[in-house]
Amino acid sequence: MAAKKESSKDKTANKADRDSFSGIFDDIHVIDDTPEVKLVNKGQYKDAFDLLEDAEACQLTPMLVGPPGTGKTLLARSYAASRGRQFEWLTLDESTKPVHLVGAFDPVATINKGFVKEAFLPGALTRMMAYGGIFLANELNRATEFTQNSFLEPLEERSIMLPRLGRIRARDDFFLICAANPGDMAGTHRISEALKDRIKVWINLDYPSRVVEMEIIKANTPETKISKDYLELTHQIIVETRKSREIERPASVRSAIAIAKLAGRKESSKEGLSSAAFAKIAKQVLKGGIKVRPGINEDSVVQKIVSSVVRA
Ligand SMILES: Nc1ncnc2c1ncn2[C@@H]1O[C@H](COP(=O)(O)OP(=O)(O)O)[C@@H](O)[C@H]1O
Ligand SMILES: [Mg+2]
């Protein structure tokens, strides 16, 4: 994410200004929402990227489905960035309300002006419909059905009802992308049948192939110098978690990225990295990175997996 460049005004700002939030705001304000990590656009990601392009050309709404960490958010954000259009994204959950998507009247402006369009603050979905941008509804199935229903009319009719103002029509280049974890995972609602029926392109992402996943780990750890052998072991460990029957939610590539960063840092230090130290790092990362089935002891599963891969 590129923050705005320092202007000459910033340089001359006095220390008190620089210490205040408003004084540093311009330095940290994200103007360009292009992801920092470059998408490894190969294998399933290339297929999915091409399918997003086709879906957009046909004005069909796609849904990216896959377990946590399979790159749904990055893929959608990278696709949006590649189009060079306005883009907004919202990660939904239980507490997301239709008003966050549709928008609402600004109380002060409404007192002064009444319920007029000038007093309306459009929500992210309304904004993208109005300006012909891309909207990513991230983790859509974590929202309640009530909130999911806000998408029905935009999907079916390409329009949306604004309270007291009436209906607006989306510009032709408005494009909605949805993403969700598979419905049987804890903490998620189902995608409502009505919405399912209106989403036309289902794009499944799974754990990627070994070659692609190794490349993803490298792409996410550009500063890290980890030897090929330890990188291989890192990948083997997360693959083992996906084979275990004792694990409900296996490790994602996020855990591999964390192990590679910590191990690489240690390896470049004076001390170097022993197998025992590597095993310890892997265990520390895996502890929160997996979810074991009820009644299973997490520590012993982690221990078993790490020692099956690393001979410390
Ligand atoms: N194809 C890919 N190329 C580069 N990095 C990836 C890719 N897929 C996943 N990642 C990385 O893996 C992590 C999880 O990806 P994310 O898009 O957040 O997954 P999800 O939304 O499916 O949970 C992020 O750090 C992301 O940078
Ligand atoms: Mg995500």
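Student: Okay, so contact means heavy atoms within 4.5 Å. Which residues does Ile 290 touch, not counting residues up to four places away in sequence?

Tutor: This is a predicted model, so take what follows as computed from that prediction. Leaving out residues up to four places away in sequence, Ile 290 touches Thr 241, Ile 247, Arg 249, Pro 250, Ala 251, Glu 298, Val 301 and Val 302.

Student: Where does Ile 290 lie?

Tutor: Ile 290 is in the loop between H15 and strand E13, which covers 291–292.

Student: Is Ile 290 buried or exposed?

Tutor: Ile 290 counts as buried, because its relative accessibility is 3% and the cut-off for buried is under 20%.

Student: How far apart are Ile 290 and Ile 238?

Tutor: They are 52 residues apart in sequence, and their C-alpha atoms are 9.5 Å apart in space.

Student: Let me zoom out. How many helices and strands are in the protein chain?

Tutor: The protein chain has 16 helices and 13 strands.

Student: And what does the C-alpha trace span along its principal axes?

Tutor: About 70 × 60 × 35 Å. The chain has 312 residues, and 42% of them count as buried.

Student: What about contacts between residues at least 6 apart in sequence: what share joins residues at least 24 apart?

Tutor: That share is 74% in this chain.

Student: Back to H15. At what angle do H13 and H15 pack?

Tutor: Helix H13, residues 228–243, packs against helix H15, residues 275–289, at an angle of about 40°, and the axes are 12 Å apart. H13 and H15 are therefore oblique to each other.

Student: Which residues make that contact?

Tutor: From H13 you have Tyr 230, Leu 233, Thr 234, Ile 237 and Thr 241, while H15 brings Ser 275, Phe 278, Ala 282 and Leu 286. By class, this contact of H13 with H15 holds 6 nonpolar and 3 polar residues, with no charged ones.

Student: What about H13 and H14: at what angle do they cross?

Tutor: Roughly 150°, with the axis of H13 coming within 10 Å of the axis of H14, a helix made of residues 253–268. That makes H13 roughly antiparallel to H14. The crossing is right-handed.

Student: Which residues meet there?

Tutor: On the H13 side, Tyr 230, Thr 234, Ile 238 and Arg 242; on the H14 side, Val 253, Ser 255, Ala 256, Ile 259, Ala 260 and Glu 267. They sort into 6 nonpolar, 2 polar and 2 charged residues.

Student: New spot: H4 and H5. How do their axes cross?

Tutor: Helix H4 (residues 44–57) and helix H5 (residues 72–83) cross at roughly 55°, and their axes come within 11 Å. That makes H4 oblique to H5. H4 passes H5 in a right-handed crossing.

Student: And what residues are in that contact?

Tutor: H4 uses Tyr 45, Ala 48, Phe 49, Leu 52, Glu 53 and Glu 56, and H5 uses Leu 75, Ser 78, Tyr 79, Ser 82 and Arg 83. The contact of H4 with H5 counts 6 nonpolar, 2 polar and 3 charged residues.

Student: Which strand is Ile 177 found in?

Tutor: Strand E10, residues 175–180. Ile 177 is buried, with a relative accessible area of 0%.

Student: What does Ile 177 touch, skipping residues up to four places away in sequence?

Tutor: Its contacts are Leu 52, Pro 62, Leu 64, Ala 76, Tyr 79, Ile 134, Phe 135, Leu 136 and Ala 137. Leu 52 is also part of the contact of H4 with H5. Ile 177 and Leu 52 are 125 residues apart in sequence, with 8.4 Å between their C-alpha atoms.

Student: Quick one on cysteines. How many disulfides are there?

Tutor: The count is 0 disulfides. For Cys 58, the nearest cysteine sulfur belongs to Cys 178 and is 16 Å away.

Student: Last one: where is Val 108?

Tutor: Val 108 is in helix H7, residues 107–113. Val 108 counts as exposed at 54% relative accessibility. Its C-alpha atom is 48 Å from that of Pro 222, 114 residues away along the chain.

Note on methods. Residues numbered from 1 in each chain as written. Chains lettered and ligands numbered in written order. Predicted model: local features only at pLDDT ≥ 70, side-chain atom pairs only at ≥ 80, totals over all residues. Heavy atoms only, no water. Axes fitted to C-alpha atoms, helices over the stretch in contact; angles between N-to-C directions. Helix = DSSP H or I, 4+ residues; strand = E, 2+ residues; numbered from the N terminus. Parallel < 35°, antiparallel > 145°, perpendicular 65-115°, else oblique. Nonpolar A, V, L, I, M, F, W, Y, C, P; charged D, E, K, R; others polar. Disulfide = S-S within 2.5 Å. Left-handed = near helix turned anticlockwise from the far one by under 90°. Buried < 20%, exposed > 50% of the residue type's maximum accessible area, 1.4 Å probe, protein only.
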